[in-house]
Amino acid sequence: MEQANGCGMGVAMGTIDLAVEPDFRLGPWLVRPSLGMACRDGAEVKLEPRVLLTLIVLVRAEGHPVSRTELMRTAWGLEVGDDAIGRCIGRLRAVLAVDGVIGFETIPKIGYRLTVATGGAASPAVEAHGPAPVPMRRRLSVRLWPGMALIVLLLAGGLLLLGGDQDTPPRVQVTPVTSDPGQEIQPALSPGGGQIAYAADRAGQGFDIWVQSLSGGTPVRLTDDPAPDLSPAWSPDGGRIAFVRLDPAGPCRILVQPVPSGPERQVAACTTFQEVKPAWRDNDHLVYADKADKTAPARLWSVALSGVEAGQPVPLTEPPADINSDGDPALSPDGNRLAFIRHRAIGVSDVIVRDLATGLERQVTQDGRKMHGLEWSGDGRWLYTTSSRAGDFGLWRVDPDGEAPQMRIAPGLNQLGRIGTGGDRVAVEMWTNRSTLLRLGPDGQQQAVVPPSNRLDWDPDVSRQGAVAFASDRSGMFEIWVADPGQAPTPVTQFQGPFTQSPRWAPDGKRLALISVVEGAPGLFILDRGSGRLRRVAADPGSEDRAPAWSRDGQRLYFASNRLGAWRIWITRPPYDQAMPITEAGWRVAKESADGRWLYLVRDGESGLWRQPADGGLPEKLADLPDASDDESWVVGPDGVYLIERPGDGQARILLLPADGGEMRRVGDLPDALYNSSLALDPDGRLIIGRYLGSLVDIVNVRLGD
């Protein structure tokens, strides 16, 4: 191997053909380029071709730095942005480097360097390339059941373990808890782990709280109210369950009911949130998330169930101003520590542990990815969460002291959601959501825009040339896909897990604006379709950007951002490295009229549509739609603005607010239209919209052993 002055810059890498590249060992991992995978402890993880090429380039450098230019030349063969390289390095860190044995060092303004720890000291030593036997897969005790075969096959294929203070994975037994056709969600295990409570919409009767034994038996209905009852939580003594009721007339209420039966009692009410997850601090106090007002970030509150302070919420956390919310509270079994998820932005979350005696907080994860649930183990030694930190939504074990690295207990091609713990068990939601994109004809006919999948397809946009861009998790991770006219859809991003959405075509059809997260920082990106280059727009790592929209001439890009502490509309122009606000605080979405004269606007947290002159002026309110919870589901066309009205019962009406000032009129219907999934217009003026096809949600019981 040829080296340049011992610094690794300009290393002659040669051509890399993954099909014939020999296997090699890297620390505890066996990397098999021809199979596109890395193996460890009987588990396998897939690595994408670009990620493998990046890894091989770093391995061949034998511990010397490799420049970004060299990585581009060898792994891509063309110029790409730093974000593309950063995604590959991030994927390698998430999969291979979580236990400290392998490191991927960033050298500012130069490149990257691979290190492998030997005997506690960093070393570039990598075992020589050569074939090696595939390790035997670890056997798990599992059984299949209808609707859950996919996740069980993933678990049976071996646990993917990424370090920790134990090298031997725990024994895992996976069994189903529910398998009904409806939705069983939000599991909560009793303190001893013998019973489970969950919310279910059995037979389409609405969500109620059900309780059943994990040793078998018939589920028992605990609540029976027309309003949805959700988020059950067992009291520490196991004698009561707290839950949330969503009243149609307002925010939620928190109630407590004895088990197995008894009168329910309201103990708290939500101020602004429609749904919260309660947790017991002790047998007489509950903790839940709520906002003091609609403009403040959500924080955690404690409420007493009895005594002179009963029903009076007391704040527990003080999230910084740039935080979206604190949520998912979980109290340690001894009641001394509060763990919760701090959501910096949509899809950007980390775990915080707060000492309730001192008030000191410690951030114990650095994922910057989406998390769905958080609970303590029965002995208080670990926290469990579902996270997309490795791409898909796997089940992870977290050290609440932040000392031991995270350990992946199970992968999840199906999306794992809320969890419950008790004893030596973890109960997990497993979701299969389905939606499709439809084109609405003038005669009411509906036509599939892209071949449907068994996943979520949503948030469409159509270029003037007829190419359809949309967000989808049909690969197991949220990415942006594009279907050119007459062609099958293909992914055009490789973010590998973070929440990615809002693809918006520039008028020339050559650029896509989109929203995603890179290295924990959410932001606005522009993808050049010709080169595949992806660049961050007007980067501000401490903020969140949303709702991109191009001007009709393609010279301006509107977007919403909270980078000055509140939501405003901003614009950026080529070369897109700077942005400036164009509204006062309080605006969330902006789109130009087809003739460029007007700017249509939606306020933050307020229903309705406003309009102001594009060159400046005072906004005037035009309509009471869209709803505040559906603020991106509208599109501007030559005839006016198309909006969605939702009268209830899953129905949706498509309305047109004419550009000439005429009365709003109904132009079509689409039952089960997706929320906050953009409407789009194709070049022929036909509407394209996402339709929700349903969810299959079951609960699986994961029993952990030594």
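## Arg 611, a buried arginine

A residue is called buried when its relative accessible area is under 20%. Arg 611 has a relative accessible area of 16%, so Arg 611 is buried. The model is a predicted one.

Arg 611 sits in strand β48, which covers residues 609-613. What does Arg 611 touch, leaving aside residues up to four places away in sequence? Its contacts are Trp 598, Leu 599, Tyr 600, Leu 618, Pro 619, Glu 620, Leu 622 and Ala 659.

## The chain as a whole

The chain has 706 residues, and 57% of them are buried. It holds 4 helices and 55 strands. Take the contacts with a separation of 6 or more: 44% of them join residues 24 or more positions apart.

## Helix α1

Helix α1 runs over residues 49-60.

Is α1 mostly covered or mostly open? It is mostly covered, with 10 of its 12 residues buried. The buried residues are Val 51, Leu 52, Leu 53, Thr 54, Leu 55, Ile 56, Val 57, Leu 58, Val 59 and Arg 60. After the helix comes Glu 62, with a positive phi near 55°.

## Nonpolar cores

The largest nonpolar core has 33 residues. Within it, Leu 26, Leu 55, Leu 96 and Phe 104 touch the most other members. Several elements give two or more residues each: β1 (24-26), β2 (29-32), α1, α2 (68-76), α3 (82-96), β6 (102-107) and β7 (111-118). Which element gives the largest share? That is α1, with 8 residues.

## An open antiparallel sheet

Four strands form an open sheet in the order β19-β20-β21-β22, with antiparallel pairing. The edge strands are β19 (279-282) and β22 (314-315), and each pairs on one side only. Strands of a sheet pair through backbone hydrogen bonds.

How many bridges join β20 to β21? There are 6, between residues 285-290 and residues 299-304. Val 287 stands opposite Ser 302 in β21.

Trp 550 has Leu 557 in β43 as its bridge partner.

The hairpin has 6 residues between the strands. There, Gly 554 takes a positive phi near 75°.

## The second largest pocket

Strand β42 returns here, as one of the elements that supply at least two residues of the lining of the second largest pocket. The others are β34 (457-462), β38 (501-505), β46 (587-592), β50 (634-637) and β54 (680-681).

How much space lies in the second largest pocket? About 840 Å³. Its lining has 34 residues. Closest to the centre are Asp 461, Val 462, Arg 464, Val 635 and Val 636.

How values were computed
Residues are numbered from 1 along each chain as its sequence is written. This is a predicted model: local features need pLDDT of at least 70, side-chain atom pairs count only at pLDDT 80 or more; totals for chains, interfaces and linings use all residues. Side-chain values use heavy atoms; hydrogens and water are left out. Two strands pair if DSSP finds at least two bridges between them. The expected span of a helix is 1.5 Å times one less than its number of residues. Buried means under 20% relative accessible area, exposed over 50%, partly exposed in between (1.4 Å probe, protein chains only). A nonpolar core is a set of buried Ala, Val, Leu, Ile, Met, Phe, Trp, Tyr and Cys residues joined through side-chain atoms within 4.5 Å. Contact means heavy atoms within 4.5 Å. On a 1 Å grid over the protein atoms alone, a cavity is a set of points where a 1.4 Å probe fits but cannot get out, and a pocket is an open set with protein on both sides within 12 Å along at least five of seven lines; lining residues have an atom within 4 Å of a point. Grid points are joined across faces, edges and corners, and a volume is the space filled by probe spheres set on the points.
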